[in-house]
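Dear colleague,

Please keep it open while you read what follows.

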Amino acid sequence: MSFIGKGLNSFFKGKKHTVSNDADRSLPSHIDIIMDGNGRWAKNHNRPRTYGHSQGSAKFREITRYCDSIGLKYLTVYAFSTENWRRPQSEVAAIMKIFKEYMEEALSDFTNENIVIRFIGDRSPLAPELVDLMNRCEQATKDKTGLVCNIAVNYGGRQEIVFAAQRIAQKCLDGLISPSDITEDMISSHTYTAGQNDPDLIIRPSGEKRISNFLIWQSAYAEYYFDDILWPDYTVEALEEAISEFNKRNRRFGGI
Ligand code: IPE
Ligand code: IPE
Ligand code: MG
């Protein structure tokens with residue numbers, strides 16, 4: 001693949017699983033990408049928005065493979081938010097069809113890849129056929145040893161915190177814990193990303209400078225990086241630039 005073996009890729013090779021805040025911080029442990037700008041990209045190319053989503057899906061596959069090739073530990077991508085249901089039904093249906101096609105294609109391709117696929121978000125309103133494919137993708141990749149890729153589908157940061165609160169409240173009602181036992185770690189362990197490092201670097205291309213309800217609990221000390229590239233035009237070089245910039249940041253975590 002043309003995007004392997006260039007730039008930071010060769011630099012990162014063999015530097016697997018760098019942990020956040022280690023002395024060696026050349027590669028963040030957990031990168032998050034808000035894959036935004038598909039609609040504007042399509043408009044710029046005089047194509048329907050759904051074509052932009054297809055191009056965005058192809059870009060996701062390219063970037064995911066690249067992240068695995070450089071030894072990144074966790075990648076979380078925002079694919080569909082709890083607020084995206086507000087879009088026209090035809091656009092939502094087209095996006096769901098693209099998810100389905102991605103998963104069907106991925107299921108036949110997994111033997112060639114070492115990526116663990118996980119889905120985060122509320123699956124309950126999704127079509128049973130889609131949920132079945134999600135479960136099959138997770139099952140087929142759970143023993144892979146490369147990149148862990150969380151795909152956020154019907155994900156909302158506030159919804160995630162509500163779900164965590166409900167589950168913890170139930171444990172209180174069941175007498176398993178008391179309210180004073182509730183800690184930050186306990187809340188983290190009830191999020192979709194339980195057991196994973198918190199995001200180090202959150203990238204939002206497309207020119208928007210907001211978080212749009214993405215990982216609001218986990219991002220307390222994440223570094224943000226914004227650029228203007230519409231997601232279907234995103235490049236490995238743009239990702240490398242974001243990582244280089246991340247490495248220049250001085251993360252103090254409240255210290256000095
Ligand atoms: C991101 O691209 C994909 C989803 C939110 C599903 P958009 O569809 O938001 O693209 P813009 O922001 O309208 O250009
Ligand atoms: C955020 O993008 C969600 C995804 C990229 C999946 P949106 O395009 O939905 O966000 P807003 O509406 O610009 O905040
Ligand atoms: Mg958008």
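Cys67 counts as buried because its relative accessibility is 0%, where buried means under 20% relative accessible area, exposed over 50% and partly exposed in between, with a 1.4 Å probe and protein chains only. Cys149, likewise at 0% relative accessibility, counts as buried. The sulfur of Cys67 has its closest cysteine sulfur in Cys149, at 8.2 Å, which is too far for a bond, given that a disulfide is taken as a pair of cysteine sulfur atoms within 2.5 Å. By this rule the count of disulfides comes to zero.

Before going on, please note that this is a predicted model, in which local features need pLDDT of at least 70, side-chain atom pairs count only at pLDDT 80 or more, and totals for chains, interfaces and linings use all residues. Residues are numbered from 1 along each chain as its sequence is written, chains are lettered from A and ligands numbered from 1 in the order in which they are written, and side-chain values use heavy atoms, with hydrogens and water left out.

Now to the fold. Helices (H or I, at least four residues) and strands (E, at least two) are DSSP runs numbered from the N terminus, and two strands pair if DSSP finds at least two bridges between them. Six strands form an open sheet in the order β3-β4-β2-β1-β5-β6, with parallel pairing. At its edges are β3 (116-120) and β6 (223-226), each of which pairs on one side only. From one strand to the next the twist averages 20 degrees, where axes are lines fitted to C-alpha atoms, for helices over the stretch in contact, and angles run from 0 to 180 degrees between N-to-C directions. Four bridges join β5 (residues 201-204) to β6 in the parallel sense, and Ile203 stands opposite Tyr225 in β6. Helix α4 (residues 89-109) lies across β2 (74-81), β3 and β4 (148-155), and runs at about 145 degrees to β2; contact here means heavy atoms within 4.5 Å.

Grid points are joined across faces, edges and corners, and a volume is the space filled by probe spheres set on the points. One cavity of 30 Å³ or more was found, and the largest cavity holds about 90 Å³ of space. Its lining includes Phe60, Tyr102 and Ile117, and α3 gives the largest share, four residues. The largest pocket has a volume of about 740 Å³; of the 32 residues that line this pocket, the closest to its centre are Met35, Tyr78, Ala79, Asn84 and Arg87.

Asn46, in the loop between α2 and α3, has a positive phi of about 50 degrees although it is not a glycine, and Asn46 counts as exposed because its relative accessibility is 71%. Ser212, in the loop between β5 and β6, also has a positive phi of about 50 degrees without being a glycine; at 29% relative accessibility, Ser212 counts as partly exposed.

With best wishes

How values were computed
1 Å grid on protein atoms, 1.4 Å probe; cavity = no way out; pocket = protein on both sides within 12 Å on 5 of 7 lines; lining within 4 Å.
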